[in-house]
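Here is a short report on some local features of a protein model. Look at the sequence and the structure first, then read on.

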Amino acid sequence: MKKKHLRQISAALLLLFVAVTACACHKQSTPAPGSGPSRTGGDQPGPDGGDKREVPLLWRVEGGESNGTLYLFGSIHAADDSAYPLRQAVLDAYEASDVLAVEADTLVYELDADQQMAATGKVAYADGTEISDHIDPGLYAAAVRLLKEDRVYSPLYDRYQPVLWIPLLEDIAIRRAGLNAQMGLDLYFLRRAKNEGREIMEVESMSEQMALLGSLSDTLQEEWLRSYVEEGGIDRAAVELAELYNRWKRGEDISAAVGIGDPALETEMEKALIADRNPSMTDAAEACLQEGGTTFFVVGAAHTGGSGGIAALLKSRGYTVTPC
(Lines give C-alpha, C1' and ligand atoms only; values in the text may rest on other atoms or scores of the structure.)
Protein backbone atom coordinates (compact mmCIF):
# COMPACT_ATOMS: atom_id res chain seq x y z
CA MET A 1 0.00 0.00 0.00
CA LYS A 2 1.43 3.41 -0.96
CA LYS A 3 2.33 5.75 1.88
CA LYS A 4 -0.23 8.38 0.79
CA HIS A 5 -2.99 5.80 0.78
CA LEU A 6 -1.87 4.42 4.12
CA ARG A 7 -2.03 7.91 5.63
CA GLN A 8 -5.60 8.31 4.36
CA ILE A 9 -6.71 5.07 5.99
CA SER A 10 -4.68 5.80 9.11
CA ALA A 11 -6.39 9.17 9.55
CA ALA A 12 -9.79 7.52 9.37
CA LEU A 13 -8.79 4.93 11.96
CA LEU A 14 -7.58 7.62 14.36
CA LEU A 15 -11.05 9.16 14.20
CA LEU A 16 -12.50 5.88 15.43
CA PHE A 17 -11.44 6.91 18.94
CA VAL A 18 -13.92 9.76 18.67
CA ALA A 19 -16.64 7.62 17.11
CA VAL A 20 -16.42 4.99 19.83
CA THR A 21 -16.66 7.57 22.59
CA ALA A 22 -19.57 9.32 20.89
CA CYS A 23 -21.46 6.04 21.04
CA ALA A 24 -21.22 6.20 24.82
CA CYS A 25 -23.71 9.02 25.21
CA HIS A 26 -27.28 8.33 26.27
CA LYS A 27 -30.13 9.89 24.31
CA GLN A 28 -31.70 12.19 26.82
CA SER A 29 -33.38 15.51 26.12
CA THR A 30 -31.41 17.28 23.41
CA PRO A 31 -31.02 20.99 22.71
CA ALA A 32 -32.56 22.62 19.70
CA PRO A 33 -30.83 21.85 16.39
CA GLY A 34 -27.94 24.13 15.73
CA SER A 35 -27.10 24.71 19.37
CA GLY A 36 -23.43 24.22 20.13
CA PRO A 37 -21.54 23.42 23.30
CA SER A 38 -22.47 25.64 26.21
CA ARG A 39 -19.89 28.18 27.27
CA THR A 40 -21.74 29.16 30.42
CA GLY A 41 -22.96 27.33 33.47
CA GLY A 42 -21.45 25.22 36.22
CA ASP A 43 -18.15 24.57 34.46
CA GLN A 44 -17.12 28.22 34.32
CA PRO A 45 -15.11 30.29 36.82
CA GLY A 46 -17.11 31.97 39.59
CA PRO A 47 -17.85 35.70 39.60
CA ASP A 48 -14.97 36.31 42.00
CA GLY A 49 -12.57 34.80 39.48
CA GLY A 50 -12.03 31.72 41.65
CA ASP A 51 -11.88 28.23 40.21
CA LYS A 52 -15.41 27.00 40.96
CA ARG A 53 -15.89 24.76 37.95
CA GLU A 54 -17.09 21.22 38.38
CA VAL A 55 -14.46 18.59 37.57
CA PRO A 56 -15.27 16.22 34.71
CA LEU A 57 -15.07 12.78 36.32
CA LEU A 58 -11.82 12.66 38.29
CA TRP A 59 -11.11 10.15 41.08
CA ARG A 60 -8.16 9.44 43.38
CA VAL A 61 -7.60 5.70 43.91
CA GLU A 62 -5.46 4.22 46.70
CA GLY A 63 -5.35 1.34 49.14
CA GLY A 64 -5.94 -2.34 48.63
CA GLU A 65 -2.64 -4.18 48.94
CA SER A 66 -0.77 -1.58 46.90
CA ASN A 67 1.26 1.45 47.84
CA GLY A 68 0.52 3.28 44.60
CA THR A 69 -1.81 6.15 43.77
CA LEU A 70 -3.89 6.43 40.63
CA TYR A 71 -5.84 9.41 39.35
CA LEU A 72 -8.65 8.18 37.10
CA PHE A 73 -9.74 10.85 34.62
CA GLY A 74 -12.73 10.43 32.31
CA SER A 75 -11.73 12.04 29.03
CA ILE A 76 -13.64 13.13 25.97
CA HIS A 77 -12.01 12.77 22.58
CA ALA A 78 -13.29 15.98 20.95
CA ALA A 79 -13.58 19.38 22.61
CA ASP A 80 -13.36 23.12 22.06
CA ASP A 81 -11.57 25.97 23.79
CA SER A 82 -14.19 26.13 26.55
CA ALA A 83 -12.62 22.96 28.02
CA TYR A 84 -9.41 24.88 28.70
CA PRO A 85 -7.72 25.75 30.91
CA LEU A 86 -8.54 22.61 32.86
CA ARG A 87 -9.48 22.96 36.51
CA GLN A 88 -6.47 23.13 38.79
CA ALA A 89 -7.39 19.85 40.53
CA VAL A 90 -7.00 18.01 37.21
CA LEU A 91 -3.70 19.70 36.40
CA ASP A 92 -2.39 19.05 39.92
CA ALA A 93 -3.26 15.35 39.59
CA TYR A 94 -1.36 15.16 36.32
CA GLU A 95 1.64 17.05 37.71
CA ALA A 96 1.78 14.73 40.72
CA SER A 97 1.97 11.64 38.51
CA ASP A 98 5.03 9.76 37.30
CA VAL A 99 3.24 7.98 34.46
CA LEU A 100 0.53 8.92 31.96
CA ALA A 101 -1.69 5.99 30.98
CA VAL A 102 -3.87 6.36 27.86
CA GLU A 103 -6.06 4.02 25.82
CA ALA A 104 -3.55 4.11 22.97
CA ASP A 105 -0.60 6.30 22.06
CA THR A 106 -1.97 7.84 18.88
CA LEU A 107 1.06 10.10 18.46
CA VAL A 108 3.32 7.06 18.07
CA TYR A 109 0.77 5.39 15.81
CA GLU A 110 0.74 8.37 13.43
CA LEU A 111 4.47 7.87 12.80
CA ASP A 112 4.64 4.06 12.77
CA ALA A 113 3.84 2.49 9.39
CA ASP A 114 3.98 -1.04 10.84
CA GLN A 115 1.33 -0.20 13.43
CA GLN A 116 -0.78 1.43 10.76
CA MET A 117 -0.59 -1.62 8.50
CA ALA A 118 -1.48 -3.93 11.39
CA ALA A 119 -4.44 -1.78 12.40
CA THR A 120 -5.87 -1.30 8.90
CA GLY A 121 -5.82 -5.05 8.34
CA LYS A 122 -8.23 -5.54 11.24
CA VAL A 123 -11.06 -3.72 9.45
CA ALA A 124 -10.33 -4.66 5.83
CA TYR A 125 -12.28 -7.27 3.87
CA ALA A 126 -9.87 -10.19 3.65
CA ASP A 127 -11.80 -12.05 0.94
CA GLY A 128 -11.39 -9.47 -1.82
CA THR A 129 -14.94 -8.14 -1.52
CA GLU A 130 -15.82 -4.49 -1.02
CA ILE A 131 -18.24 -2.64 1.22
CA SER A 132 -20.81 -2.42 -1.60
CA ASP A 133 -21.00 -6.23 -1.52
CA HIS A 134 -22.01 -6.18 2.14
CA ILE A 135 -24.44 -3.30 2.67
CA ASP A 136 -27.59 -1.93 1.05
CA PRO A 137 -26.72 -0.31 -2.33
CA GLY A 138 -28.70 2.82 -1.51
CA LEU A 139 -26.89 3.18 1.80
CA TYR A 140 -23.52 2.80 0.10
CA ALA A 141 -24.39 5.42 -2.54
CA ALA A 142 -25.60 7.87 0.11
CA ALA A 143 -22.46 7.39 2.22
CA VAL A 144 -20.22 7.99 -0.82
CA ARG A 145 -22.19 11.14 -1.66
CA LEU A 146 -21.77 12.55 1.85
CA LEU A 147 -18.04 11.85 1.90
CA LYS A 148 -17.60 13.38 -1.55
CA GLU A 149 -19.46 16.48 -0.42
CA ASP A 150 -16.97 16.72 2.47
CA ARG A 151 -14.10 16.05 0.03
CA VAL A 152 -12.78 13.09 1.98
CA TYR A 153 -13.95 10.15 -0.11
CA SER A 154 -11.33 7.80 -1.54
CA PRO A 155 -12.05 4.61 -3.54
CA LEU A 156 -9.61 2.93 -1.16
CA TYR A 157 -12.28 3.09 1.54
CA ASP A 158 -14.36 0.60 -0.44
CA ARG A 159 -12.00 -2.15 0.74
CA TYR A 160 -12.94 -1.56 4.36
CA GLN A 161 -15.83 -2.35 6.65
CA PRO A 162 -18.40 0.30 7.66
CA VAL A 163 -16.51 0.92 10.94
CA LEU A 164 -13.89 2.78 8.88
CA TRP A 165 -16.55 4.93 7.18
CA ILE A 166 -18.37 5.82 10.40
CA PRO A 167 -15.61 8.04 11.89
CA LEU A 168 -15.37 10.01 8.66
CA LEU A 169 -19.08 10.83 8.94
CA GLU A 170 -18.73 11.34 12.69
CA ASP A 171 -16.05 13.94 12.04
CA ILE A 172 -18.56 15.95 10.00
CA ALA A 173 -20.93 15.85 12.99
CA ILE A 174 -18.11 16.84 15.35
CA ARG A 175 -17.36 19.92 13.27
CA ARG A 176 -21.05 20.83 13.03
CA ALA A 177 -21.21 20.62 16.81
CA GLY A 178 -18.40 23.18 17.01
CA LEU A 179 -15.92 20.64 18.36
CA ASN A 180 -12.46 19.54 17.24
CA ALA A 181 -10.89 16.09 17.64
CA GLN A 182 -7.46 17.75 17.83
CA MET A 183 -8.56 19.44 21.07
CA GLY A 184 -9.53 16.17 22.77
CA LEU A 185 -8.25 15.63 26.30
CA ASP A 186 -6.29 12.47 25.43
CA LEU A 187 -4.23 14.37 22.88
CA TYR A 188 -3.75 17.28 25.26
CA PHE A 189 -2.15 15.08 27.89
CA LEU A 190 -0.24 12.97 25.36
CA ARG A 191 1.37 16.07 23.86
CA ARG A 192 2.27 17.41 27.30
CA ALA A 193 3.79 14.10 28.36
CA LYS A 194 5.81 13.83 25.13
CA ASN A 195 7.14 17.36 25.51
CA GLU A 196 8.06 16.77 29.15
CA GLY A 197 9.60 13.35 28.63
CA ARG A 198 7.05 11.76 30.97
CA GLU A 199 6.57 7.98 30.81
CA ILE A 200 3.54 6.92 28.75
CA MET A 201 1.72 3.61 29.11
CA GLU A 202 -0.83 2.19 26.68
CA VAL A 203 -3.89 0.56 28.24
CA GLU A 204 -4.87 -0.94 24.88
CA SER A 205 -3.47 -0.48 21.39
CA MET A 206 -4.79 0.67 18.03
CA SER A 207 -4.64 -2.90 16.69
CA GLU A 208 -6.65 -4.19 19.65
CA GLN A 209 -9.28 -1.51 19.19
CA MET A 210 -9.50 -2.14 15.46
CA ALA A 211 -9.85 -5.89 15.98
CA LEU A 212 -12.73 -5.21 18.37
CA LEU A 213 -14.48 -2.93 15.89
CA GLY A 214 -13.89 -5.29 13.01
CA SER A 215 -15.57 -8.07 14.98
CA LEU A 216 -18.88 -6.22 15.25
CA SER A 217 -21.67 -7.94 13.34
CA ASP A 218 -22.41 -6.90 9.77
CA THR A 219 -25.91 -5.90 10.82
CA LEU A 220 -24.70 -3.63 13.61
CA GLN A 221 -22.12 -1.98 11.38
CA GLU A 222 -24.69 -1.35 8.66
CA GLU A 223 -27.26 0.13 11.06
CA TRP A 224 -24.60 2.24 12.76
CA LEU A 225 -23.62 3.63 9.37
CA ARG A 226 -27.27 4.17 8.48
CA SER A 227 -27.80 6.27 11.61
CA TYR A 228 -25.49 8.89 10.08
CA VAL A 229 -26.47 8.55 6.44
CA GLU A 230 -30.26 8.68 6.84
CA GLU A 231 -31.88 12.07 6.34
CA GLY A 232 -30.90 14.41 9.15
CA GLY A 233 -28.61 11.79 10.69
CA ILE A 234 -25.46 13.90 10.86
CA ASP A 235 -27.33 16.90 12.22
CA ARG A 236 -28.89 14.73 14.94
CA ALA A 237 -25.47 13.34 15.77
CA ALA A 238 -24.09 16.90 16.04
CA VAL A 239 -26.83 17.86 18.52
CA GLU A 240 -26.18 14.71 20.57
CA LEU A 241 -22.42 15.33 20.56
CA ALA A 242 -22.91 18.91 21.77
CA GLU A 243 -25.14 17.64 24.60
CA LEU A 244 -22.65 14.87 25.43
CA TYR A 245 -19.88 17.45 25.63
CA ASN A 246 -21.88 19.69 27.94
CA ARG A 247 -22.73 16.73 30.18
CA TRP A 248 -19.06 15.78 30.33
CA LYS A 249 -18.10 19.33 31.35
CA ARG A 250 -20.71 19.22 34.11
CA GLY A 251 -19.15 16.03 35.46
CA GLU A 252 -22.16 13.86 34.66
CA ASP A 253 -21.98 10.11 34.10
CA ILE A 254 -22.05 9.34 30.35
CA SER A 255 -21.55 5.60 30.60
CA ALA A 256 -24.93 4.54 29.16
CA ALA A 257 -25.00 3.41 25.52
CA VAL A 258 -26.57 5.45 22.76
CA GLY A 259 -29.66 4.14 20.99
CA ILE A 260 -29.55 3.26 17.30
CA GLY A 261 -33.14 2.04 17.05
CA ASP A 262 -32.74 -1.69 17.71
CA PRO A 263 -32.48 -2.93 21.33
CA ALA A 264 -30.56 -6.10 20.36
CA LEU A 265 -28.00 -4.13 18.37
CA GLU A 266 -27.71 -1.54 21.14
CA THR A 267 -26.92 -4.36 23.57
CA GLU A 268 -24.26 -5.73 21.23
CA MET A 269 -22.72 -2.29 20.84
CA GLU A 270 -22.67 -1.50 24.57
CA LYS A 271 -21.22 -4.91 25.39
CA ALA A 272 -18.47 -4.76 22.78
CA LEU A 273 -17.46 -1.11 23.08
CA ILE A 274 -17.90 -0.53 26.80
CA ALA A 275 -18.82 -3.43 29.11
CA ASP A 276 -16.34 -6.00 27.76
CA ARG A 277 -13.46 -3.50 27.83
CA ASN A 278 -13.99 -2.11 31.32
CA PRO A 279 -12.66 -5.16 33.24
CA SER A 280 -9.41 -5.25 31.24
CA MET A 281 -8.98 -1.50 31.67
CA THR A 282 -9.52 -2.00 35.40
CA ASP A 283 -6.86 -4.73 35.37
CA ALA A 284 -4.45 -2.24 33.81
CA ALA A 285 -5.32 0.38 36.44
CA GLU A 286 -4.81 -2.16 39.22
CA ALA A 287 -1.42 -3.15 37.78
CA CYS A 288 -0.37 0.51 37.93
CA LEU A 289 -1.44 0.71 41.59
CA GLN A 290 0.44 -2.46 42.51
CA GLU A 291 3.57 -1.26 40.77
CA GLY A 292 3.67 1.78 43.07
CA GLY A 293 4.25 5.40 42.20
CA THR A 294 1.55 7.69 40.89
CA THR A 295 -0.29 7.25 37.60
CA PHE A 296 -2.58 9.65 35.74
CA PHE A 297 -4.97 7.22 34.02
CA VAL A 298 -6.89 8.81 31.12
CA VAL A 299 -9.59 6.85 29.28
CA GLY A 300 -12.89 7.78 27.69
CA ALA A 301 -15.45 8.96 30.22
CA ALA A 302 -17.83 6.24 29.01
CA HIS A 303 -15.54 3.75 30.78
CA THR A 304 -15.09 5.48 34.13
CA GLY A 305 -18.51 6.07 35.70
CA GLY A 306 -21.59 3.97 36.30
CA SER A 307 -22.07 0.69 38.11
CA GLY A 308 -19.89 -1.20 35.63
CA GLY A 309 -17.27 1.52 35.17
CA ILE A 310 -13.63 1.47 36.21
CA ALA A 311 -14.19 3.52 39.37
CA ALA A 312 -16.87 1.11 40.64
CA LEU A 313 -14.85 -1.96 39.65
CA LEU A 314 -11.77 -0.70 41.50
CA LYS A 315 -13.90 -0.03 44.58
CA SER A 316 -15.31 -3.57 44.39
CA ARG A 317 -11.72 -4.87 44.42
CA GLY A 318 -11.03 -3.19 47.75
CA TYR A 319 -9.52 0.12 46.69
CA THR A 320 -10.47 3.47 48.13
CA VAL A 321 -11.96 5.54 45.34
CA THR A 322 -12.49 9.20 46.16
CA PRO A 323 -14.03 11.78 43.80
CA CYS A 324 -11.79 14.82 43.44
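## A charge over a ring

In this predicted model, Arg 198 lies over the face of Tyr 94. The distance to the ring centre is 4.2 Å. A charge counts as sitting over a ring only within 6 Å of its centre.

Tyr 94 also belongs to an aromatic cluster.

## Aromatic pairs

How many aromatic pairs are there? The count comes to eleven. One of them joins Phe 73 and Phe 189. Their ring centres are 5.9 Å apart. Their planes meet at 80 degrees, so the pair is edge-to-face. This pair links distant parts of the chain. Phe 73 sits in strand S2, while Phe 189 sits in helix H7, residues 185–196. The two are 116 residues apart.

Another pair is made by Tyr 153 and Trp 165. Here the centres are 6.1 Å apart, and the planes are at 50 degrees. This pair is classed as tilted. Tyr 153 lies in the loop between H5 and H6, and Trp 165 lies in helix H6, so the pair ties together parts that are twelve residues apart in sequence. Trp 165 counts as buried because its relative accessibility is 0%.

## Backbone exceptions

Most residues other than glycine have a negative phi, and most peptide bonds are trans. Two places in this model go the other way.

Where is the cis peptide bond? A cis bond joins Tyr 84 and Pro 85, with omega at about -5 degrees. Pro 85 is in the loop between strand S2 (69–75) and helix H2 (88–95).

Arg 151 is not a glycine, yet has a positive phi of about 60 degrees. Arg 151 is in the loop between helix H5 (137–149) and helix H6 (162–176). Arg 151 counts as exposed because its relative accessibility is 79%.

## Cysteines

A disulfide is a covalent bond between the sulfur atoms of two cysteines. How many disulfides does the model have? The count is zero.

Cys 288 is buried, with a relative accessible area of 9%. Cys 324 is partly exposed, with a relative accessible area of 41%.

How values were computed
Residues numbered from 1 in each chain as written. Predicted model: local features only at pLDDT ≥ 70, side-chain atom pairs only at ≥ 80, totals over all residues. Heavy atoms only, no water. Helix = DSSP H or I, 4+ residues; strand = E, 2+ residues; numbered from the N terminus. Buried < 20%, exposed > 50% of the residue type's maximum accessible area, 1.4 Å probe, protein only. Phe/Tyr/Trp six-rings, centres within 6.5 Å; stacked < 30°, edge-to-face > 60°. Lys NZ or Arg CZ within 6 Å of the ring centre and 35° of its normal. Disulfide = S-S within 2.5 Å.
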